[in-house]
Amino acid sequence: MTIFSSMFKSSPHGAMGMTTNQVMRMVSYATIPGFIAQLYFYGWGSLVQLVLCIVVAVLSEAIVLSLREKRIRRTLSDGSAVLTGVLLALSIPPLAPWWISVIGVAFAIIIVKQLYGGLGFNLFNPAMAGYVVLLISFPVAMTSWQPIQPLLLHSLSLADTAWVIFTGFSFEGYNLQQLSMLADGTTMATPLDQFKTSLAQQQTVSEVLALPIYGEYGGVGSQWVNAAYLLGGLLLLKQGIIRWHIPLSILITLFLLSFISSAVGADSTYPPVQQLFTGATMLGAFFIATDPVSASTTAKGRLVFGAIIGALIFIIRQWGGYPDGVAFAVLLANMCVPLIDHYTQPTVYGHKR
């Protein structure tokens, strides 16, 4: 997910007065409410993935720095590798096999970040690039989110969860598919995936949203996870770590397009409020898209950048082949950043455009 640059300390980006390490730590701390919510609703897998991703991220960065003959300790101390591991871990299904995390994090650090020169030089958001590689390469594993804990037929301890991630089976011999069963013996998809599948089976929106996996504002569990990331995002705004332009632009664009689509064809669109509190909406808006290295650098540009992401999320969710579209939307918007910045540069005093 997001890498913050040391450009904060150089003109004209020097208003923060914070070191890169401080920024990284603040962003990592701000994910705690969302992480706790994921831990509560989806079990210990989130903790195992978090530890695994951080370890792989630090080791990958250290190996590349050694090969490049760079100072390992000083570079690792900026916290950017740890943050990449944290954000990717929060995006991976809790019971995904261990090699999923290793491949995704290694690709994010080695290819997307270090191959382009390290912190501040990457064209794409490293964690999202790693996530998309995993999603395209291993779609089944990457879309197999477990139902929330209260609905599960089989609950797992921390040790049992780690065993499932590293072997594919629990101590009692249950595989991932069996562990995804609900208390009534049926299996359940994620809310966004279930919505698309049900509509394809000619069900109406009201019929789909009546299923027990949907809450008042989004999927059961998912709505509270998103609310927790919203809380963390507001903390980042309050501390001045991120600016409001990108998150607000994403959320308003996504809401407006969903509202218009619902008004025109109510039986084909996920409702506007549910759009905001499902999938990776809040995590993407506040922690991923706001990466100052790969995002637009001008005030107007950030609004355009956020609007593009919000529109792409809606388009992918509405007509795309994947349930959620945050990762693809961010990477596609990253490609547009040079053009956005070119046309949104403020006019220098005394000059005409």
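**Entry 1: Thr298 and its surroundings**

I started at Thr298, which touches Asp341, Thr344, Gln345 and Pro346 once residues up to four places away in sequence are left out; contact here means heavy atoms within 4.5 Å. This is a predicted model, so local features need pLDDT of at least 70 and side-chain atom pairs count only at pLDDT 80 or more, while totals for chains, interfaces and linings use all residues. Residues are numbered from 1 along each chain as its sequence is written, and side-chain values use heavy atoms, with hydrogens and water left out.

Where does Thr298 sit? I found Thr298 in the loop between helix 16 and helix 17 (299-319). My helices (H or I, at least four residues) and strands (E, at least two) are DSSP runs, numbered from the N terminus. Thr298 counts as buried because its relative accessibility is 6%. For the cut-offs, buried means under 20% relative accessible area, exposed over 50%, and partly exposed in between (1.4 Å probe, protein chains only).

The side chain of Thr298 makes a polar contact with the side chain of Thr344, at 2.7 Å. I take a polar contact as a pair of N or O atoms within 3.5 Å; within protein, one must be able to donate a hydrogen and the other to accept it, and residues adjacent in sequence count only if both atoms are side-chain atoms.

**Entry 2: Asp341**

Next I went to Asp341, in helix 18. Asp341 is buried, at a relative accessible area of 11%. The side chains of Asp341 and Ser296 are joined by a polar contact of 2.5 Å.

**Entry 3: helix 16 and the cores**

I looked at helix 16 (residues 281-288), and eight of its eight residues are buried. Phe287 is one of them. Phe287 turned up again in the largest nonpolar core, which has 73 residues; Ile92, Phe287, Phe305 and Ile309 touch the most other members. Helix 18 (residues 326-344) gives the most to this core, with nine residues. A nonpolar core is a set of buried Ala, Val, Leu, Ile, Met, Phe, Trp, Tyr and Cys residues joined through side-chain atoms within 4.5 Å.

I listed what Ile309 touches, not counting residues up to four places away in sequence: Ile250, Ala289, Ala329, Val330 and Ala333. There is a second, separate core of eight residues, including Leu199, Ile213, Tyr214 and Tyr270.

**Entry 4: Gln49**

Is Gln49 buried or exposed? Gln49 counts as buried, at 0% relative accessibility. I placed Gln49 in helix 3. Beyond four places in sequence, Gln49 touches Ala89, Ile92, Pro93, Pro94, Leu95, Ala96, Ser101 and Ile165. The C-alpha atoms of Gln49 and Pro97 are separated by 9.3 Å, and the two residues are 48 apart along the chain.

**Entry 5: salt bridges**

How many salt bridges does a search of the whole structure find? It finds two, a salt bridge being a side-chain nitrogen of Lys or Arg within 4 Å of a carboxyl oxygen of Asp or Glu. Lys113 pairs with Glu61, the closest N and O atoms being 2.9 Å apart. Lys113 lies in helix 6 and Glu61 in helix 3, so this pair ties together parts that are 52 residues apart in sequence. Both Lys113 and Glu61 are buried.

Asp324 forms a salt bridge with Arg317, and the closest N and O atoms are 2.9 Å apart. Arg317 counts as buried, at 6% relative accessibility.

**Entry 6: Glu69**

I noted Glu69 for its backbone: phi is near 60 degrees, a positive value in a residue other than glycine. Most residues other than glycine have a negative phi. Glu69 is in the loop between helix 3 (45-67) and helix 4 (72-76), and at 73% relative accessibility it counts as exposed.

**Entry 7: whole-protein totals**

The protein has 18 helices and zero strands, and 52% of its 353 residues count as buried. Among contacts between residues at least 6 apart in sequence, 73% join residues at least 24 apart.
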